Amino acid sequence: MKTVIIDYNAGNVRSVYYALKRLGIEAEISDNPERIKSADKVIFPGVGEAGSTMQYLQSKGLDTVIRELTQPVLGICLGMQLLCSFSEEGNTKCLDIFPNSVKLFKGTEKVPHVGWNSIFNLKGDLFKNIPENSFVYFVHSYYVEILDDTVAACNYMQNFSAAIQKDNFYAVQFHPEKSGETGSQILKNFLLI
Amino acid sequence: MLTKRIIPCLDIKDGRTVKGVNFVDLRDAGDPVELAAAYARQGADELVFLDITATVERRKTLAELVKDIAAHLNIPFTVGGGIKSVKDVSVLLNNGADKISINTAAVKNPALINELAGNFGSQCVVLAIDTRFDGKDWYVYLNGGRTATNIEAFEWAKEAEQRGAGEILLTSMNHDGTKNGFAVNITRKISEALNIPVIASGGAGKKEHFYEIFTEGKADAALAASIFHFGEIPVPELKTFLSKKNIPVRIPLKSSDESQITG
């Protein structure tokens, strides 16, 4: 099985690489379209700002590559947000796999939403063997609402999507690579799809 | 529900853990990687590594250590101690640190906070403040508490947030090492005024102190060293205690499957 982590200026590429290594998987980190297209599994990580990241992906032609992938793809954090159609962060037009907009948290609590929070209404392959209300680690200021495609929910001032899935595209708002045993199991579930 | 974080702090010198550590089940308590993994297994939510090495070889040793920690640790960690520049931070983040903490360098050059937030995002910039109450107000101290300034901790915290700091790590020098509890008043004042998380540090001696800093002190996270290192308050016991008192904390659920993937 060949797993490729898309290499771009995201902060957590190495953390994701190490998390897979702990599972016994030696992933390839690459921005080469052919290497990405030929992978069995693709991970699209992300820590950073939406606008500049989309520009970077476009400059490398990776936006088209990602859109056209047919194998299982896992977007993480900003990677998930960029799979949506639009982000309020920098008013950015994104990859449009999911039809919704990504919105800025507003309300009485602190922003960003940082720390361990519980996830619920878990569905599908990604959350196999994961008990309801398991804790995972989040760091984000923007969120995806609850959609028809939501496969895990979380609550911070309101319910929002902790994970979404459509066809071969899986995406999580939290950081499975930093979410202890629960996160490892979720990554493993993805690799076993 | 978002939980309150419990953060053990490890002091590092020349790539090794310092301060006596009395941890059962460890082959080498001076090995930061092994100690960190033990804390992760206990259910610590995050770790802070504070490098106190004074030698010129410091940067290189620390960078290598961070890589090693990142390879083994499956929870977030922050690295601090002597960080002065964008370049310092870039190396640590590329090697797998989730956040870095800056202290003296940020006071001397506040624009460093803007620069780091601009380059790497606020989420990885922790501003550490060492502060002491002089009978009238809380003032910022530098160089590990050795140098006094006339800067008020509250004002500095507000400025740091505006400049792009993502979290404040607030250590009360009046309380640090006393085991008499955290500095509740200044922590609450800063936490209520700011829209970013505040980590309280200094003074933890009993489980009740954590309850107090999370409720009256409005802290988002609490950091301690010796009480964890010497096993005086094991992390699981502290979390069970807090949970019974209705403080939201993460009690990790056992993984059903720890095997590696083959193929």
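Buried means under 20% relative accessible area, exposed over 50%, and partly exposed in between (1.4 Å probe, protein chains only). This is a predicted model, where local features need pLDDT of at least 70 and side-chain atom pairs count only at pLDDT 80 or more, while totals for chains, interfaces and linings use all residues. Residues are numbered from 1 along each chain as its sequence is written, chains are lettered from A in the order in which they are written, and side-chain values use heavy atoms, without hydrogens and water.

**Stop 1: a stacked pair.** Over all chains, the structure holds 14 aromatic pairs. Rings of Phe, Tyr and Trp (its six-membered ring) pair if their centres lie within 6.5 Å; planes under 30 degrees apart count as stacked, over 60 as edge-to-face, the rest as tilted. Select A:F105 and A:Y143. Their ring centres are 4.8 Å apart and their planes at 20°, so this pair is stacked. A:F105 sits in the loop between strand 7 (101-104) and strand 8 (113-120) of chain A, and A:Y143 in strand 10 (residues 142-144), 38 residues apart. Strands (E, at least two residues) and helices (H or I, at least four) are DSSP runs, numbered from the N terminus. Both A:F105 and A:Y143 are buried.

**Stop 2: an edge-to-face pair.** Select A:Y170 and A:F190. With centres 6.0 Å apart and planes at 70°, the pair is edge-to-face. Both residues are buried.

**Stop 3: charges over rings.** Here NZ of Lys or CZ of Arg is within 6 Å of the ring centre and within 35 degrees of the ring normal. The charged end of B:R250 sits over the ring of A:W116, 3.6 Å from its centre. In chain B, select B:K189: its charged end sits over the ring of B:F154, 4.4 Å from the centre.
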